[in-house]
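Hi,

Here is the structure I promised to send over. Have a look at it first, and then read on for what turned up.

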Amino acid sequence: MSLSIFSAACLDSGCLWKEGKIAKSGTWSNKQLPVRASLASSPQSLQLSKKKSEKLQKDVRIAVLGASGYTGSEIVRLLANHPYFGITLMTADRKAGQSLGSVFPHLITQDLPDMVAVKDADFSEVDAVFCCLPHGTTQDIIKGLPKNLKIVDLSADFRLRDILEYEEWYGQPHRAPELQKEAVYGLTEISREDIRHARLVANPGCYPTSIQLPLVPLIRANLIQSKNIIIDSKSGVSGAGRGAKEANLYTEIAEGIHSYGITRHRHVPEIEQGLSEAAQSKITVSFTPHLMPMSRGMQSTIYVEMPSGVTVDDLYEQLKVAYQDEEFVVLLGKGDVPHTQHVRGSNYCLMNVFPDRISGRAILISVIDNVVKGASGQALQNLNVMMGLPENMGLNYLPLFP
């Protein structure tokens, strides 16, 4: 990996850099950020300045496997504003030979390599990989990648630590059990230190992210009962991926909602794995997901029981302590209701807790953008941590509203 010291004065292109470097170990050793100083007067010179300075900045070479899907294209959108990550390789077997702009016109302004088939990919000019391939296809591919690469896998192929449980829920044997032992589950705010030292991170699913973020701190503090946890979650259609499916046609989705995967959704074992680890005992949940007629967004409404003597205020204060220093997890003011519209296009998770009408129970509500915090945004947050960079790099997008 060629991680050089970023300390330059580019007088010809109109950019100045404050001292800062990434050591060979990947540790960010000076948190001063690039400073731009305009020394040119014409628009053409400014444009040239921008192009040259970007080439200096993009020193960590990124591969996006499965770039023609929603999570892959979202990685590309987020990386457009990342100061150090630049894309050198993109794969998409069915779109091989095409530009990403021809597949996703909203990305046509980006200077990117054409997509190639995975079998033709050259990883010699790559430092880190975002793997955005379908479930069940990733294990063999990651197993064949060079061992020096940092990898964030957005599929479910390395999320479940028990390979027999993986086989039960995904209907096929795990084909990389040795890699599974190495994989770190990447719920950033919960497992940051493990992620920091990982080579392979299994990026969490969207539902598990929205559910574990509010529940894990409360379970660890013994402020809620580990039994009778009821979870009602709702997702936008992008969570089902970009593949053509009859169930996802406009007329099948519009003007209505419906439940699916009742008792057998594949995120169930992932949710229970994280909650059981927090409780240090087996937790079984009642989880029902619903598909909503919107493109992005996810809300999880969670009903919990509190031990005797515990109040909703205790839950609120625990969440406040757990996330007071976190940039992307925001506990709203008491009584404020999280809305999916208020996180659209961003890496934020908004949450709150409310008293139930039934004594001894509480209601937790969390919202995320399922494609960002529920997938690509959290993946970028994880790779930032793995590379020793400030984890908000490339993620300072405010939500898009209205």
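**A helix and a histidine**

Just after helix H10, Gln 280 takes a positive phi of about 60°. Keep in mind that this is a predicted model.

Ten of the twelve are buried, so H10 is largely enclosed by the rest of the structure. Among those buried residues are Val 268, Pro 269, Ile 271 and Leu 275, and the list also includes Glu 270, Glu 272 and Gln 273. What lies over them? The cover for the buried residues of H10 includes helix H8 (206-220), H5, and the strands E9 (184-185), E11 (230-235) and E13 (286-291).

H5 comes up again with the other spot I looked at, His 174. This residue sits in the loop that runs between helix H5 (163-170) and helix H6 (177-182). Is His 174 buried or exposed? Its relative accessible area is 10%, and because the cut-off for buried is under 20%, His 174 counts as buried.

The His 174 side chain has a couple of polar partners. One of its polar atoms lies 3.1 Å from the backbone nitrogen of Ala 176, and a polar contact of 3.1 Å links its side chain to that of Gln 180.

Cheers

Terms used:
Residues are numbered from 1 along each chain as its sequence is written. This is a predicted model: local features need pLDDT of at least 70, side-chain atom pairs count only at pLDDT 80 or more; totals for chains, interfaces and linings use all residues. Side-chain values use heavy atoms; hydrogens and water are left out. Helices (H or I, at least four residues) and strands (E, at least two) are DSSP runs, numbered from the N terminus. Buried means under 20% relative accessible area, exposed over 50%, partly exposed in between (1.4 Å probe, protein chains only). A polar contact is a pair of N or O atoms within 3.5 Å; within protein, one must be able to donate a hydrogen and the other to accept it, and residues adjacent in sequence count only if both atoms are side-chain atoms. Contact means heavy atoms within 4.5 Å.
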